[in-house]
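This report covers aromatic pairs, the nonpolar core and a surface patch. Please read it alongside the model.

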Amino acid sequence: FSVGVYDPTVLTDAETIALAEGRYTKGYGAAFDSSAWTTQLQQINTVVAQYQASLETGSADLETVYPEFLAALEANGINEVIQAKQAWFDEWLANNR
């Protein structure tokens with residue numbers, strides 16, 4: 001899991017095939033400029049790195065660690081980043097239909 005900048009100019013094989021077949025989402029081509037959120041994204045990535053291995057392998061007590069993980073994400077601004085990106089995406093969709 002990584003939170004970072006999406007580069008819409010770099011396509012995977014699946015994306016290339018989907019485009020060739022006319023199958024793509026309404027959000028194709030949208031690229032959120034996350035530069036204003038660099039600090040929060042770095043903090044979020046740090047939280048993810050801290051919890052990722054134990055959550056993926058099941059070596060942590062899910063009942064206690066998962067709520068801690070969610071709380072740490074929230075404390076480091078994930079909800080604000082999501083809200084900003086959603087607002088940007090809603091505006092982008094309205095202007096690019």
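## Aromatic pairs

The structure holds six aromatic pairs. Rings of Phe, Tyr and Trp (its six-membered ring) pair if their centres lie within 6.5 Å; planes under 30 degrees apart count as stacked, over 60 as edge-to-face and the rest as tilted. The model is predicted: local features need pLDDT of at least 70, side-chain atom pairs count only at pLDDT 80 or more, and totals for chains, interfaces and linings use all residues. Residues are numbered from 1 along each chain as its sequence is written, and side-chain values use heavy atoms, with hydrogens and water left out.

Tyr66 and Phe69 form a tilted pair, because their ring centres are 6.2 Å apart and their planes meet at 40°. Both sit in helix H3, three residues apart, so about one helical turn separates them. Helices (H or I, at least four residues) are DSSP runs, numbered from the N terminus. Tyr66 is partly exposed at 39% relative accessibility. Phe69 is buried at 13%. Here buried means under 20% relative accessible area, exposed over 50%, and partly exposed in between (1.4 Å probe, protein chains only).

## An aromatic cluster

Trp88 and Phe89 are also a tilted pair: their ring centres lie 6.5 Å apart, with planes at 35°. Trp88 is partly exposed, at 25% relative accessibility. Phe89 is partly exposed as well, at 27%. Together with Phe32 and Trp92, these residues form one aromatic cluster.

## The nonpolar core

The largest nonpolar core has 13 residues. Such a core is a set of buried Ala, Val, Leu, Ile, Met, Phe, Trp, Tyr and Cys residues joined through side-chain atoms within 4.5 Å. Ile44, Val47, Tyr51, Phe69 and Leu73 have the most contacts inside it. H2, helix H3 (62-75) and helix H4 (78-95) each give two or more residues to this core. H2 supplies the largest share, five residues.

Val47 touches Phe69, Ala72, Leu73 and Asn76, not counting residues up to four places away in sequence. Contact means heavy atoms within 4.5 Å.

## A surface patch

Leu11, Tyr24 and Tyr28 make a nonpolar surface patch of about 290 Å². Patch residues have over 30% relative accessible area and no salt bridge; nonpolar side chains (Val, Leu, Ile, Met, Phe, Trp, Tyr) are joined within 5 Å, like charges within 9 Å. A salt bridge is a side-chain nitrogen of Lys or Arg within 4 Å of a carboxyl oxygen of Asp or Glu. Areas come from the Shrake-Rupley method with a 1.4 Å probe.

Tyr28 lies in the loop between helix H1 (13-20) and helix H2 (38-57). Tyr28 is partly exposed, at 33% relative accessible area.
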